[in-house]
Structures are given as structure tokens and as C-alpha cells.
Amino acid sequence: MNAPGTAEASEAIARARAGDSEAWGDLYREYAPAIFRFCRRALATREDAEDATTEVFMKVRDKLHQYDSTRPFTSWLYKVAANHCWDLLRRRRIRQDKETEDLETLPLEHPDANQLEQLIEKRTSEEVRKALDALPTRARMALVLRYYSDMSYDEIADALGVRRAFVGVVLLRARHELRQALEGSGALAAGGAG
Amino acid sequence: MSSPPQTNVQGKNMQHLDEMTILLYLERQLDRARAAEVSAHTQECGTCRTLLRALERESRLLTRAMLEEEEPLPARIASFQQSARRTLQWIWMLTFGLAATGVYALYTSYIEPVQSHLQDAGFGGTNLLGLLIFQGAFWKGWQSMISLVEILALIVIGGSALLLFRRWFRRGMLAALLVTGMCGAMMMPSNAAAIETRKGESIEIAKSETVKGDLLLTGNRIVIDGTVDGDVYAFGQDIEVNGHITGDLLTGAQTVRVPGIIDGNIRAFVNTLIIPGSVGRNVMTWSQTFNLDSGGTIGRSVLTFCQTFGLEGKVGGDVTLFDQTTRITGSVNGSIDARGEMLTVKKTAAVTGPIKFEGETEPRVEDGAKLQAGAINFTKHSSKDRNENLRSYYLHRLLWTSSFILYGLVMIWLMPKFAGDCFKSAENAGASVGIGVLAGISLPFAAGLVCFTFVGLPLGILGVLLWLVMIFSGQIVFGGLIGRWILGRTEDVWGRVGRMALGMGIIGVVVPILHQIPVAEFLFKLVVMAWGFGAIALVLYKRIARTPSVPVPPPLAA
């Protein structure tokens, strides 16, 4: 698990399920920062992320009895957060359905590895974050689910509502768009090597 | 991975893997055979190996960029726990503070001045509640009550400190500390009082002996010939006070005789009480026979619940009587308010204040009796009247109980979950009664304050209305709790209604029984209302605390 503060607290979960408010507080204290950062990466503004964090924990509280304690709590938590953020974006009509159509048309290319290496070498984390903010929502969400929440392809497919077979395509396309944003040109994304 | 594009791309010298395939290999999404192929290829092909490394680095860069905490957490999220605790602390502190201030203000503003005026005017203050609560050996005066307020304040401060630092305490430890603190606080008065205890078949305080401090005596026969500079708590068969007690006498015995001097009060639960001596302050007694002998004097007021009371001596204040038969031959420097079957005022009697008598037979007043305020104000209560009154009372109780059951039925039907929560919450007796008492006192005060401060009258009135609704609904909750005790828990709405109706029925039977005992009905209702009120307040608090407007989710419902 990549996200911080994800040590499982099965005892606290069990107590929270039994109605122990102290345990609920412990869970919140443990996981709220990670969920806020997840929402911050997935949504456009800090304010949206704050509200979403609140709402995610509301949902978690109501659905805690549905949680299968044999599975990692963090995975379930991120799944709830992902669904919530994605629903939020859909409700705001930010999601672009036409993106689905493009999935089949990803060109099979072999980009210039050295150029890619140089790009990665030059860019800072801050620049990557700025580039992420500039991505279309599906691309950004896919990268967040995979590289922040460490979700499996099945979970990503479920969260984004795409077929599992196309999760890799979505991710690769998202990487291309990120490179474009970082580079300011389509050179790398289009593939320079022949 | 089932069928993502996996076509190889033609390079200069050999076919290279496409980026999609390398990514899927990197992310362990290829089946074993394909992964082995890709692995073998990247061993041989430097270009594809470089791309694999680049993609891997890109993944790491992405993860690192997203995990970095470049901006602080929003304050409302970071500080939720602290703020929630602070809010809770302030609620509790406010409630405790208001309750303590309310009690103290109530006393200093109303009770103390009235008492003082009454005392100045020569009235001893014969109000039953006043005698029970604000005077005498029960509370040892308001000095003790002020101490109580101080102790309450200490508990509040201590409790608040514990709440503030509760993150360092485990819950059990916190509870233990609170209990220890409260026990310590309760022990304080007894330590300060330094009660000396004496037990035995026969106990005698010799004439030459002087006991400093309070004294607890238990024995078959107790004789105090000497001096006790403090209060005496005496329990035995025969008790005689020939000497001098500078404080109060609280006693339970077959026969108590006081030829000596008591500077304070007498509170007696006895069969026979005879006072040939002197009592400086008040006398309150539950007894079969009480006689204030001709030489006996009582400095202030008298309150009696007796079968026979003979007042032959002198009383310096008012007299309140709930006796079957009363005979007055002595003097009373105050008023007489008597209820019973018979009142006789002999010719030697002298009463300065007005006399009221409610009874079955007209009081007998002998010629020569000096009644300075004129004739006795007599109200006749015949057996028939009493029966009618009783019938009326029972009918009233029946209607009252029925209307409560109906009210409860509607409330449970309209708000089944809330009602269920309230019944469940009421099972937590300590918290319910405690919060009921505190919130029951503080809410009207808070509402009053709101009326005169910034929010205005409507909110204050709303607060008072809410208080009234909760007070009345509290009885329903207590009824439901009794039903649960008897029939067990249920989630069914009509099951809850049935249990509530059963409980209310039981309350309806108990209240008329307690009606026969002075104060008992009032105290019972007080406990019932506080209990139910507290249970509702707890549920309301939990509901309010988990409303979505709160920045982050509050505690789970218990």
C-alpha cells in the first residue's frame, strides 16, 4: 500500500462497528489525512476535497457494517472515496464520456526511452502535480487510483466504469497526456522512436 | 490481462515491445507465459529494457508526487478531534457551570433573603421543603450547601482537566480517576466533621464530660448528661438528653426525652418524643406521640407528623402540624397551620399569629385562650369530602395516565427510532439522571439568559417550550424503560407502545400510593422526569452531533 498511515486497525474497526465513538475517532484520525489527499488529487479544488473527505467519512460510517473485515480496510476505504469522487465529478458533468470512445484508438508505439528518461529526470514532483491538475478527469482519476491508492485493475475498472481490459489503456493514455502536459508538446506521447 | 494490444513494434535490428505491453508487464498484469516472453526480451533488447526502466521511474515519480504532502491539512479536518473534544468539554462545563450557578443564584437571590426576612420577623420558616432541604441536621445549614457548590466546582474543574488531557488516559483509567475524585470529594465533609462514634448496650455521656465535635451514638439506652459541642446523631431504644448539645440532634428511637438543652435543631423519627427542656432552633418530628412539656421551649418553628401532639410549653416561631389530634395549652409566638382530625386549644394557650385548621371536626377553643389574631380559620373536611377528593384525585390520575399513554403512543408511532433510542438511552441510569438533573436545571436558565442577551426572545421561548416537552416526554421514556425491564427489549413499534403503556400504568399506580406520604410523590416525579429528560437529552445530543453540517463525521450512535 502506497498511501500513508494505512496500518490496519482491525480492533478499532470492530469497536467502531459496535458503536464505540472513541474508536471511530481513532479511525478518523488515522485515515482522514490520506483520504483528504486522495480527494485533493482527484478533485479540482482544495475546498472540494475538504467537503468530499467529510462526505466520504459520512458514507464510511453508514456503510461500516458492509465492510468485509477479511480484506484490507484501506482498500475498502479508497474504494468508497473513489466512488464518491467519481460520482461527484459525474454529477457536476465534468466527466467526459467521449473519452471512452478513444480507448480503442490508442496507438501502439514505442516512445523514445531516452527522451522519457530525460523528462522524468528534469521534472520535479511539484511539476508533476501541476501537470496532473491539468489532465482530463478520467486520466487524472485513473492515475490517482493506481499510483496513489494502489488499487488493482479490477478495482479501477469498477470505480471508473470501464471494462477491465481497458484499464491499462486508460492508464497508458493518462501517462501520455501527463507527458504532454509536462513537456508542453506531443513529442513523447506520440512516440519518437521508430 | 485478457486482450490489450500486445503487438510488437518493428525496431531497427529487431522487433521491440510496444509500450502497452511493457507497462502491463511492469504492473504484473500479463499472464505468466507472456510475462516470461517479455522478461526474456528485455534481457536481450537494450531499448526495451531502457523503456521498462523509464516507465518504472515514471511510476515512482507519479507515486512520489502524489504522496508528497506539499500543503498542510485543512484546519477543520486536522483539528476535528480536538475541536470536537473542546466542544464537548465546553458543553459539559457550561452545563455544570450553569447548574451550579443556578442552584447558588436560586439560593442567594430568593431563598436566603426570604429566610432572613422570615427570621427577622420572628418566623421560623415552617415550609416543609425549606425545613427538609435548607435547614437543620440534614444539610447543616447553607454553610454546607456552599461547600457542596464548592465541591461541585472542584469536580467540574477536575473533570474538565481530565477531559482536556484525556488523550493521555485510557478510558478505564479516566473513569477510575473520576470515581476516585468524586469519592474523595464526598469524603471531605466527613473528614472535616470528625465524627466520634460510640456503640454499646448502654451509652452515657457523664455530666462532667465534654465532647468536642460531632457524635454518633448507637445503643439500647443512651443518656447524655454532659456536654456535646457539636451535633449528635443518636439511634437506640431510649434516649435521654439531660445535658447540653450545642448543635443539632438527629435521632431515631423508641423514646426520646429532652430535659436538657439543645442549641440547634431536633430531627426525630421516633415513637415518642418528649421535650421538657429547651431547643434553641427548630423541631421536626415524625412520631406517634410528641409532647412539649410545660417547661419546655422551642426557639423557632415546629413541624410535626404525629398521631398525638401536646403543646404545653413555649414555641418561639410558627407551627405546622399534620397530626391526628393536637392539644395546645402552651404558647406560640407565631402562626399555627394544622391539618388533622381534632384541634383543642385550652384556656391557658396563647397564640400571637393566625391559626388555620383543616379537619373533620370544628376546633375546640376554651374560653380564656389568648388568640391575638382572632378566631381560628376552620375548613371542614368530612370523610365524605375526603372520599370525594380521593375519587376526584384517582379520576384525575387515571385521565392523566391515559393522556400520557396516548401521547406516548403518538410519539412512538411518529418517531419509532428516536423513541427506541430514548428507551435504550434511559437504561444508562447514571448518565440519564445526572444529565437530566443538570440539563433540567440549566436549560431554563440558559433560555432565560438567551431572552435577555443576543439572540432574543423567540429562541428563549423555544428553549422553554423544548424544556417543557422534554419534561413531559421524560415520563413517557421512563414508562417505556419500566416496560422494557419487565417485558424485555423489542424493536417492534407496537411492542414499544405496549411496554410504555405498561410502564405508565405502573407509574399511575405508584404515584397515588406515594401521594399518601408527604414529599414522596414530588420526589418520585422529580426522579422520573429527570431520568427521562436526561435520556432524551443524551439521544438529542448524539443526533445533533452526527448531523452532516459538522465538518467531519462525529461518533457513531451508541
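**Stop 1: a run of parallel strands in chain B**

Select strand β18 (residues 325-328) of chain B together with β21(B): 4 bridges join them, and the two run parallel. Strands here are DSSP runs of E of at least two residues, helices are runs of H or I of at least four, and both are numbered from the N terminus. Two strands count as paired if DSSP finds at least two bridges between them.

Before going on, note what you are looking at. This is a predicted model: local features need pLDDT of at least 70, side-chain atom pairs count only at pLDDT 80 or more, and totals for chains, interfaces and linings use all residues. Residues are numbered from 1 along each chain as its sequence is written, while chains are lettered from A and ligands numbered from 1 in the order in which they are written.

Now pick B:T326. Opposite this residue, in β21(B), stands B:L343. β24(B) pairs with β21(B) in the parallel sense, over 2 bridges. Here B:V345 has B:V365 of β24(B) as its bridge partner. Strands of a sheet pair through backbone hydrogen bonds, either parallel or antiparallel.

Show side chains on β21, residues 342-345 of chain B.

**Stop 2: the open sheet**

Stay in chain B. Select the strands in the order β4-β6-β8-β10-β12-β14-β16-β19-β22-β25: they form an open sheet of 10 strands with parallel pairing. Its edge strands are β4 (210-212) and β25 (370-371), each pairing on one side only.

Zoom to β6 (residues 227-229) and β8 (residues 244-245) of chain B. This pair is parallel, over 2 bridges.

Zoom out to the whole of chain B. The chain has 15 helices and 26 strands. Of its 558 residues, 35% are buried.

**Stop 3: chain A, helices**

Switch to chain A. What does its pattern hold along the sequence? The pattern is α-α-α-α-α-α-α-α-α-α-α, with 11 helices and 0 strands. Buried residues are 43% of the 194 in chain A. Take the contacts between residues at least 6 apart in sequence: 68% join residues at least 24 apart. A contact means that two C-beta atoms, placed from the backbone, lie within 7 Å.

Select helix α2 (residues 21-42) and helix α3 (residues 46-63) of chain A. Their axes come within 8 Å and cross at roughly 135°. Axes are lines fitted to C-alpha atoms, for helices over the stretch in contact, and angles run from 0 to 180 degrees between N-to-C directions. The two helices, α2(A) and α3(A), are therefore oblique to each other. Under 35 degrees counts as roughly parallel, over 145 as roughly antiparallel, 65 to 115 as roughly perpendicular, and the rest as oblique.

Show the contact residues. From α2(A) come A:Y28, A:A32, A:I35, A:F36, A:C39 and A:R40; from α3(A) come A:R46, A:A49, A:A52, A:T53, A:V56 and A:F57.

**Stop 4: across the chains**

Select helix α10 (residues 167-183) of chain A and helix α1 (residues 19-26) of chain B. Their axes come within 10 Å and cross at roughly 110°. α10(A) and α1(B) are therefore roughly perpendicular. A:G168, A:L171 and A:L172 make the contact on the α10(A) side, with B:E19, B:M20, B:L23 and B:L24 on the α1(B) side.

**Stop 5: two loop residues**

Most residues other than glycine have a negative phi, and most peptide bonds are trans. Pick A:D150: its phi is positive, near 60°. A:D150 lies in the loop between α8 (137-147) and α9 (153-160) of chain A. This residue is partly exposed, with 17 other C-beta atoms within 10 Å.

Finish on B:R28, in the loop between α1 and α2 (32-44) of chain B. B:R28 also has a positive phi, about 55°. Buried or exposed? B:R28 is exposed, with 9 other C-beta atoms within 10 Å.

Notes: A residue is buried if 20 or more other C-beta atoms lie within 10 Å of its own, exposed if 12 or fewer, and partly exposed in between; C-beta atoms are placed from the backbone.
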